[in-house]
Amino acid sequence: MTQRLFPEWHPQDAILLTWPGAHSDWASILPRIEATLEAMVVAIARHQRVLISVADEATRQRLLATFRHLGVDTACLLFAEAPSDDSWARDHGPIAIERDGLPVLLDYRFTGWGGKFPAARDDALTARLQAAGVFAAPVEAHDLVLEGGAIDTDGAGTLLTTEACLLNPNRNPRLDRQALESRLREEMGIARVLWLRHGHLEGDDTDSHIDTLARFCDPQTIAYVRCDDPTDPHYAELRAMEEELEALRRADGEPYRLIPLPWPKPCFDPEDGHRLPATYANFLIINGAVLMPAYADSADARALAALAEAFPDHELIPIDCRSVIRQHGSLHCLTMQLPRGCLADARPSHDDEER
């Protein structure tokens with residue numbers, strides 16, 4: 001048996017979104033977050049399908065009318081009813097692997113980032129989607145607590161993650177590093193794990209998810225957050241992370257090509273003033289395009305230029321994420337990709353070649 005964790009740039013059937021409800025943590029800014037999600041759907045549907053999990057039929061009908069008005073080809077939209085606690089599909093959605101040439105969806109446990117928030121309905125969401133018949137790929141339930149935002153891969157057996165998250169006792173307290181690596185090898189085909197000891201963002205609820213810090217862009221390239229302000233509280237920690245990345249080696253012994261992403265000016269919560277974890281590393285790779293979080297900041301243009309260097313063959317699409325960051329996440333956190341062959345009745349993708 002051969003298996004691997006799909007890289008994000010593998011051709012996709014769809015992007016999964018979990019639509020927020022009026023009783024979620026988004027209640028006070030629901031129109032704003034819905035406008036952001038609508039912009040995301042408009043952008044993604046130009047390239048592939050979007051699977052939207054909704055609370056009820058009324059929400060589905062309302063969204064269909066909205067997207068028709070926005071000019072979206074509704075054949076690119078698929079809806080499924082499933083209750084949720086929150087909207088972070090990256091962490092409660094399925095994680096796709098390839099096993100003997102066919103996709104398999106792994107349903108790991110989600111506990112609200114170590115019990116910080118209610119998560120029972122989110123934890124059950126993938127199983128509900130499976131029961132609704134939206135997946136063509138089989139779904140396997142696993143008892144490991146694991147969030148999609150905590151891991152990133154080159155698609156060739158290497159996993160990038162942080163010690164602060166995966167080794168946190170609030171996730172899998174009975175598993176040490178060796179035992180966890182064994183599980184990742186057995187369940188995902190991971191041959192080696194690159195652990196980062198450094199990298200922390202103020203306002204982060206996830207215990208340093210890798211998708212806010214450093215990301216594979218291709219098997220040889222990692223884009224990462226760099227703080228260039230020595231007076232910023234993040235400076236020393238992110239400089240230490242940069243040194244770790246510089247010391248990493250590919251499986252062939254060569255260093256990685258590293259692309260630094262600029263540091264946006266601090267974002268603060270307008271209600272209580274705490275700092276929010278805004279970075280440009282939370283971008284989303286889809287078929288032929290990359291969606292990048294933007295913050296109405298002068299660094300947005302430099303971030304686009306950096307990602308254009310990493311993805312020269314992709315369209316770069318900035319999405320205003322000032323509403324999303326209010327709940328301590330961004331673009332990548334809101335989404336989960338479903339690689340080709342995962343979605344039932346999927347239309348052919350616009351881009352059939354893995355980049």
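Student: What is the strand order of the open sheet of four strands?
Tutor: The pairing in this open sheet of four strands is mixed. Strands (E, at least two residues) and helices (H or I, at least four) are DSSP runs numbered from the N terminus, and two strands pair if DSSP finds at least two bridges between them. The order is 1-5-6-7.

Student: Which strands of that sheet have one side left without a neighbour, and why?
Tutor: The twist averages 35° from one strand to the next. A strand at the edge has a single partner strand, so one side of it is left without a neighbour in the sheet; the edges are strand 1 and strand 7 (139-145).

Student: Which pLDDT must side-chain atom pairs have in order to count?
Tutor: Residues are numbered from 1 along each chain as its sequence is written, and side-chain values use heavy atoms, with hydrogens and water left out. This is a predicted model, in which totals for chains, interfaces and linings use all residues, local features need pLDDT of at least 70, and side-chain atom pairs count only at pLDDT 80 or more.

Student: Which residue of strand 5 is the bridge partner of Leu 5?
Tutor: Strand 1 (residues 3-5) and strand 5 run antiparallel and are joined by three bridges. The partner of Leu 5 in strand 5 is Ile 97.

Student: Which residue takes a positive phi in the hairpin of strand 5 and strand 6?
Tutor: Five bridges pair strand 5 with strand 6 (residues 102-109) in the antiparallel sense, and one of them links Ile 95 to Leu 106. Two residues lie between the strands of this hairpin, and a phi near 50° is taken by Asp 100.

Student: How many residues of strand 5 are buried?
Tutor: Buried means under 20% relative accessible area, exposed over 50%, and partly exposed in between (1.4 Å probe, protein chains only). Strand 5 (residues 95-99) is largely enclosed by the rest of the structure, because its buried residues number four of the five.

Student: At what angle to strand 1 does helix 7 run?
Tutor: Axes are lines fitted to C-alpha atoms, for helices over the stretch in contact (heavy atoms within 4.5 Å), and angles run from 0 to 180 degrees between N-to-C directions. Helix 5 (residues 120-131) lies across strand 6 and strand 7, at about 145° to strand 6. Helix 7 (residues 177-188) lies across strand 1, strand 5, strand 6 and strand 7, and its angle to strand 1 is about 115°.

Student: In which sense do strand 17 and strand 18 pair?
Tutor: Ala 289 stands opposite Glu 315 in strand 18. Six bridges connect strand 17 (residues 289-294) with strand 18, and the sense of the pairing is parallel.
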